[in-house]
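Biologist: I am new to this one. Please show me the structure, then take my questions in turn.

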Amino acid sequence: LVGAFDALIWIKRSIRNTWIVKMSRIIYKKIVKSSKIQLYVSNQLLVKYGSCNQNSFVVCENRVSKGKVLDYSEVSRREECEPLKLAYYGRLSPEKNIISLLKAMQALQNVKLDIYGDGADNEFLVKYVKDHDLSSCVNFCGYVKWGDDLFRSMRNYHCLVLPSFTE
C-alpha cells in the first residue's frame, strides 16, 4: 500500500496525495511496530519502512531457478543490420514508467520493443503508441504465464528493459 502511494505522489505531486502518503506511512508504522516479524525485499525498504524491531529481515525470493537462466551462447546475437530487439515484461501501471520507455522509443532508430503484460495502463499505452506513430517499432504481446513459455520468449531479445520508478 505505501509503495503504491509513493508512486502516486511521484507521478501526481498533488497536496491531497501528499497528505494520503503521510497518513499511510503513519498507519503503516503503527502496524509495523505491533508486528512480531517484518520481511522486506530490499535494505532500502527496510530502512524506509522498518522499525528497530530485532525481527526485521530482508529476503529476496529469487523465483528463477538456475536451470532457467540462459547461457550466454543461447542469447540472441545481433547482426549489424538487424534492429536491436528490446522486451519489457511486467504489469502495465504508472509506477512501472513504461511511458518514458515509449518516449525514448520515439528518439531511437533501428530498435524494436515488445511489451509483455497487462494492467490498468494498457489502453492508455496502446493509444499513446498509436497517436505517436510507434506501431512499427512497439508491439503489445499481452500476458505470458510464468514458466517455460515466458523464459523461451526471452531468448528472442538482445536486452530486457525495466524502466520502473520503484521496486
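Modeller: Some terms to begin with. Helices (H or I, at least four residues) and strands (E, at least two) are DSSP runs, numbered from the N terminus. Two strands pair if DSSP finds at least two bridges between them. The model is predicted: local features need pLDDT of at least 70, side-chain atom pairs count only at pLDDT 80 or more, and totals for chains, interfaces and linings use all residues. Residues are numbered from 1 along each chain as its sequence is written, and side-chain values use heavy atoms, leaving out hydrogens and water.

Biologist: Which residue in strand 6 stands opposite Ala 87?

Modeller: Strand 3 pairs with strand 6 (residues 159-160) in the parallel sense. Two bridges join them. Opposite Ala 87 stands Leu 160.

Biologist: How many bridges pair strand 3 with strand 4?

Modeller: Strand 3 covers residues 84-89 and strand 4 covers 111-116. Leu 84 has Val 111 as its bridge partner in strand 4. The two strands are parallel, and their bridges number six.

Biologist: Which strands stand at the edges of the sheet?

Modeller: Four strands form an open, parallel sheet in the order 5-4-3-6. The edge strands each have a single partner strand, so one side of each is left without a neighbour in the sheet. They are strand 5 (138-142) and strand 6.

Biologist: In strand 5, what is the bridge partner of Ile 115?

Modeller: Strand 4 and strand 5 run parallel. Four bridges join them. The partner of Ile 115 is Phe 140.
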